[in-house]
Amino acid sequence: MNKKNLLSIIILSTLFLNITPSFAQDNTNEYKTASTLVRVTTNMFGYNFITRHIAQNVIKKALNKNVKGDYTVKIDSFSGVDLKKGKFRGLIIDGKDLCLEDSIYFSKLHLETTSNFNYIDYSKKPIVFKTDVPMDYVVEITEDDLNKTVEKDNFFNSFSAMIPLVSIDKFKFQLTDNKVRLNTAIRFPFSKSIKFSISGSPKIEDGKIILTDIQTSGTRHDFSERIANVMNNYNLLENIKLNLFNGTDSTMTVKNVKVQDKKICIDGNLVIKKA
């Protein structure tokens, strides 16, 4: 071994010996991050890349336990040392073809943290959030998603409870021209089924998605109003709740909703609460 290589090994060994005490000192304040020296040195040896890959895979698995789908997870870390402890600068989650609790479907989900310091313990099962983690979200729901969700969820029960003695023969949602349209065939007792449609433009009101500018065909105006009330009382996003990780609580706000390219596009803010 030549002197130059031996000198390099001695310098690196000294650096790591000096780094080790700083790891222990970091425990005195769990919200501190590693020093610049630690970040630079560990990044040189690929430790940041390895821990980032491990953390991203753990988060993917945790997501799939509660909301099945195809995910891409990207973490912006301070250093490998910090990320091993669960501290990171930012997180981006993109998901597609998602199913929550085998009953609520949505085609796309985008989540991005808005805080520059986030702290989770991803070694625990389920993952434990050590700080509140605020995020911006975007959800896309297609016609097919909406029809599958309504078929499996409690919309029919809501309909029957609020409009007794009325049964539904056929049921289908369409998304077009910034409107949500419901096409159905309803049946009153001792009568033939009646084709009926109702449509409206989605809007945010008191934090809920409702339909405005209601248009109907096929039945009386007063009955149409009752159906519109059922649809507005059935808040799909409230049912979704985006509880992505088991054992966590979250709060949501809706900022915008629109129908575009036969999809309902919803965006807003989500905060996953500290445990």
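These legends walk you through several close-up views of a predicted model.

**View 1. The whole protein, before we zoom in.** The chain has 275 residues, and 42% of them are buried. Its secondary structure comes to eight helices and 13 strands. The accessible surface is about 15,200 Å², and carbon and sulfur atoms hold 52% of that area. If you look at contacts with a separation of 6 or more, 56% of them are between residues 24 or more positions apart.

**View 2. Inside the largest nonpolar core.** This core has 51 residues. Within it, I59, I93, F106 and I264 have the most contacts. Strand 7 (residues 133–142) gives the core its largest share, five residues. Take a moment with I59: setting aside neighbours within four places in sequence, I59 is in contact with V73, I75, L91, I93, I120, I127 and F245.

View 3. E140 is in strand 7, and because its relative accessibility is 17%, below the 20% limit, E140 counts as buried. Beyond neighbours within four places in sequence, its contacts are F106, S107, K108, D145, K263, I264 and C265. One of these, K263, forms a salt bridge with E140, and the closest N and O atoms are 3.3 Å apart. K263 belongs to strand 13 and E140 to strand 7, so the pair ties together parts 123 residues apart in sequence. K263 is partly exposed, at 21% relative accessibility. Strand 13 (residues 263–272) also holds I266, which is buried at 3% relative accessibility. The C-alpha atoms of I266 and E140 are separated by 6.5 Å, although the two residues are 126 residues apart along the chain.

View 4. Side chains of opposite charge can pair when their charged atoms come close. The count for this protein is four salt bridges. In one of them, R89 pairs with D76, with 3.2 Å between the closest N and O atoms. R89 sits in the loop between strand 2 and strand 3 (90–100), while D76 is in strand 1 (residues 67–76), 13 residues apart. R89 is partly exposed at 30% relative accessible area, and D76 is partly exposed at 37%. Another salt bridge joins K124 to D121, where the closest N and O atoms are 3.5 Å apart. Here K124 is partly exposed, at 45% relative accessibility, whereas D121 is buried, at 17%.

View 5. The strands follow the order 2-5-6, with antiparallel pairing. Which strands stand at the edges? They are strand 2 (87–88) and strand 6 (128–129); each has a single partner strand, so one side of each is left without a neighbour in the sheet. Strand 2 runs antiparallel to strand 5 (residues 118–121), and two bridges join them. You can find K87 opposite Y119 in strand 5.

**View 6. The hairpin of strands 9 and 10.** Strand 9 (residues 179–187) and strand 10 (residues 194–205) pair in the antiparallel sense over seven bridges. N183 stands opposite S197 in strand 10. Six residues lie between the two strands of this hairpin, and F190 takes a positive phi near 60 degrees.

**View 7. A nonpolar patch on the surface.** V40, M44 and F45 form this patch, and together they have about 320 Å² of accessible area. M44 is in helix 2 (residues 36–44). Is M44 buried or exposed? Its relative accessible area is 60%, over the 50% limit, so M44 counts as exposed.

Note on methods:
Residues are numbered from 1 along each chain as its sequence is written. This is a predicted model: local features need pLDDT of at least 70, side-chain atom pairs count only at pLDDT 80 or more; totals for chains, interfaces and linings use all residues. Side-chain values use heavy atoms; hydrogens and water are left out. Patches are made of residues with over 30% relative accessible area and no salt bridge: like charges are joined within 9 Å, nonpolar side chains (Val, Leu, Ile, Met, Phe, Trp, Tyr) within 5 Å. Accessible areas come from the Shrake-Rupley method with a 1.4 Å probe; for residues, only the protein chains shown count as cover. A salt bridge is a side-chain nitrogen of Lys or Arg within 4 Å of a carboxyl oxygen of Asp or Glu. Helices (H or I, at least four residues) and strands (E, at least two) are DSSP runs, numbered from the N terminus. Buried means under 20% relative accessible area, exposed over 50%, partly exposed in between (1.4 Å probe, protein chains only). Two strands pair if DSSP finds at least two bridges between them. A nonpolar core is a set of buried Ala, Val, Leu, Ile, Met, Phe, Trp, Tyr and Cys residues joined through side-chain atoms within 4.5 Å. Contact means heavy atoms within 4.5 Å.
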